[in-house]
Amino acid sequence: MNEFVVSWCRSEELEVTRSRAYRKNDQAHVEQRNGAIVRRLVGYGRVVCAEATAALCQLYAVVRLYGNLFHPSF
């Protein structure tokens, strides 16, 4: 979370956490799943130009919905 979100949560007296209660490994599973999707699509190469970055952003916008809404997860 960025500083703006954290400060807003604190001003609204909301608890700021990084994962679900009593699930210390939660974040690792999500990051592992998202990383596998990204690597399968574009490989392990490094992106250095602005045009490729813009194309990847468009691709990720579509793939994010596909991966999060239509693929089961545990």
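**View 1. Overall fold of the protein chain.** Along the sequence, the protein chain follows the pattern α-α-α, with three helices and zero strands; helices (H or I, at least four residues) and strands (E, at least two) are DSSP runs numbered from the N terminus. This is a predicted model, in which local features need pLDDT of at least 70 and side-chain atom pairs count only at pLDDT 80 or more, whereas totals for chains, interfaces and linings use all residues. Residues are numbered from 1 along each chain as its sequence is written, and side-chain values use heavy atoms, with hydrogens and water left out. The mean pLDDT (the predictor's confidence in each residue, from 0 to 100) of the protein chain is 76, and 70% of its residues reach 70 or more. Among the elements, helix 1 has the highest mean pLDDT (88) and helix 2 the lowest (65).

**View 2. Surface and burial.** The protein chain exposes about 6900 Å², of which carbon and sulfur atoms supply 57%; accessible areas come from the Shrake-Rupley method with a 1.4 Å probe, and for residues only the protein chains shown count as cover. Of the 74 residues, 9% are buried, where buried means under 20% relative accessible area, exposed over 50%, and partly exposed in between (1.4 Å probe, protein chains only).

**View 3. The loop residue Glu13.** Glu13 is located in the loop between helix 1 (3-11) and helix 2. Although Glu13 is not a glycine, its phi is positive, at about 60°. Glu13 counts as exposed because its relative accessibility is 73%.

**View 4. Val38 and Leu41 of helix 2.** Helix 2 (residues 26-42) contains Leu41, and Val38 lies in helix 2 as well. With 25% relative accessibility, Val38 counts as partly exposed; Leu41 is likewise partly exposed, at 43%. Leaving aside residues up to four places away in sequence, Val38 touches Gly43 and Tyr60, contact being heavy atoms within 4.5 Å. For Leu41 and Val63, 22 residues apart along the chain, the C-alpha separation is 9.2 Å.

View 5. Helix 3 has 20 residues and reaches 29 Å from its first C-alpha to its last, close to the 28 Å expected at 1.5 Å a residue; the expected span is 1.5 Å times one less than the number of residues. The buried residues of this helix are Leu56, Val63 and Gly67. Tyr66, found in helix 3 (residues 50-69), is partly exposed because its relative accessibility is 46%. Together with Leu65, Leu69 and Phe70, Tyr66 makes a nonpolar surface patch of about 470 Å². Patches are made of residues with over 30% relative accessible area and no salt bridge, with like charges joined within 9 Å and nonpolar side chains (Val, Leu, Ile, Met, Phe, Trp, Tyr) within 5 Å. A salt bridge is a side-chain nitrogen of Lys or Arg within 4 Å of a carboxyl oxygen of Asp or Glu.
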